[in-house]
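The exercises below are meant for a reader who is new to this structure. Each one sets a task and then works through the solution step by step.

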Amino acid sequence: MSTAVVVVALALVAIGGLAVVVTHDPIRQAVTLSVFGVLLAVLFLVLQAPDVALSQVAVGAAVVPLMVLLAVRTIRRDRR
Amino acid sequence: MQVFAYAVGGWLVLVGAAGIVRSHHLVHTVVSLSVAQAGTYVFLLAVGFQWNAVAPVFSTSADTHRAVVDPVVQALTLTDIVVSATVTALLLALAVQIQKRHGTVDPDELRALKG
Amino acid sequence: MNRRLRYLVFGLGAAGLAVLFALALAGLPGFGGDSHPYRDRAVHAALAHRTANVVSSINFDQRALDTFGEELILLGSVVGAAALLRPSRRESERPAPDPEARAVPDSVVLLCTVMLPVTVLVGLDVIAHGHLTPGGGFQGGVVLATGLHLLFLGGRYPALQRIRPLAGYQFAESIGVATFATPGLAGLAAGGAFLANVLPYGQFASLASAGTVPVLSLAVGVAVGGGVVVLLAQFLEQALRYSGER
């Protein structure tokens, strides 16, 4: 795997992590978290870890953001 | 380049921790924690990486002499990704309960969390 | 502790951690180097047990006891989250809304209906070939559980509730964890160690190979799949409970 690909994947993950943290609204954060999850999966694929990438794409892109959305929705509803 | 990959792991841990510190919403706190956790995955996989090596999955017994990347760190990472998702779920459930009991999820308004 | 003081404490701690981390990096072997002593031993051990996917061999054979520990963490968190999200007595008196009233485009419904069997098949395939190709119980279980929830995306919550008798999945989860221990006890009985690989290793890279690895992988798949279904179900139930009131 060429150096450039590894560097780009790493840089995207570094930026993605920052984006998730600076997103203040938890609903929007579910979206950035999902994108961050996909970026991580791409990085793992680049680092020759297909097993980990598969695990990450299922969990990080779908299950956890969905649970975040549902939790925020429950919290907002309980607030009124 | 030598330390860039390791530094990205450390960066994610610090950024996630910073997110926890300046959080105004417990769900934001939990998500920031998962970013910090992702830093450990990046770090572990970076430690096990080797240039020009392939994934540690063989298809025939003929290619078992090829160089592969370290499978041990991959095994550690992959189980943790799935198990940490359920732990994240537990933390989110706690946030939901805190909203029900105390009527807020802002850590600054929760008196029990004040030091 | 007020916000400014908290930032100050964090800033000092983070700066200290960054310095220590940078010092530690100086002593690490370079990124992408070819010295991986654990790799050499793990690959050797995996090939000795005729397991094509070395990662699965580590998870379900060489370090199966660790995976058993992870399984228990999974069980603990799922039980804890389910207990926390259980509706209180006051809440359970409210009727659940009728989500079929929500307008979902036909194309989405069609897509979800087509994708459901595909996802379930992919999940089963990922579990069944975990010892040969990338995959295994952890990934396959999550794929299966996510696939079932495509029905929710397609707006068919009642259909989802029908194929999701929750008690069944709670049962599946605990059975999965218990099944993981059974081959472990067999290993103990056969005079080896807990979770020793006691089944015949078979032919390298064929479906029936790697001894107990596919068995344990299946047990983990059932446990993870059941656990994630239970979690998503509890969150969905909480989030949708009064949505009809708005």
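**Confidence and numbering**

Chain A averages a pLDDT of 89, and 98% of the residues score at least 70, where pLDDT is the predictor's confidence in each residue, from 0 to 100. This is a predicted model, in which local features need pLDDT of at least 70 and side-chain atom pairs count only at pLDDT 80 or more, while totals for chains, interfaces and linings use all residues. Residues are numbered from 1 along each chain as its sequence is written, and chains are lettered from A and ligands numbered from 1 in the order in which they are written.

**Exercise 1. Find which elements of chain A have the lowest and the highest mean pLDDT.**

Step 1. The lowest mean pLDDT among the elements of chain A, 87, belongs to α3(A). Helices (H or I, at least four residues) and strands (E, at least two) are DSSP runs, numbered from the N terminus.

Step 2. At the other end stands helix α2 (residues 26–46) of chain A, with the highest mean, 92.

**Exercise 2. Describe the fold and the extent of chain B.**

Step 1. Chain B has 3 helices and 0 strands, and along the sequence these follow the pattern α-α-α.

Step 2. The radius of gyration of chain B is 19 Å, well over the 13 Å that the globule rule gives for 115 residues, so chain B is more spread out than a compact globule. The radius is taken over C-alpha atoms, and the globule rule is 2.2 Å times the number of residues to the power 0.38.

Step 3. Taken along the principal axes, the C-alpha atoms of chain B fill a box of roughly 65 × 30 × 15 Å.

Step 4. Of the 115 residues in chain B, 58% are buried. With C-beta atoms placed from the backbone, a residue is buried if 20 or more other C-beta atoms lie within 10 Å of its own, exposed if 12 or fewer, and partly exposed in between.

**Exercise 3. Work out how chain C meets chains B and A.**

Step 1. The contact between chains B and C takes 42 residues from chain B and 48 residues from chain C, two residues being in contact if their C-beta atoms, placed from the backbone, lie within 7 Å.

Step 2. On the side of chain B that touches chain C, α1 (4–21), α2 (26–48) and α3 (71–102) of chain B each give two or more residues, and α3(B) has the largest share, with 16 residues.

Step 3. In the contact with chain A, 16 residues of chain C meet 15 residues of chain A, and α11(C) gives the most to the side of chain C, with 7 residues.

**Exercise 4. Is Gln48(A) buried or exposed, and which is Asn52(B)?**

Step 1. Gln48(A) is found in the loop between α2 and α3 of chain A, and its phi is near 65°, a positive value in a residue other than glycine.

Step 2. Gln48(A) is buried, with 24 other C-beta atoms within 10 Å.

Step 3. Asn52(B) is found in the loop between α2 and α3 of chain B, and this residue too has a positive phi, of about 60°, although it is not a glycine.

Step 4. Asn52(B) counts as exposed, with 10 C-beta neighbours inside 10 Å.
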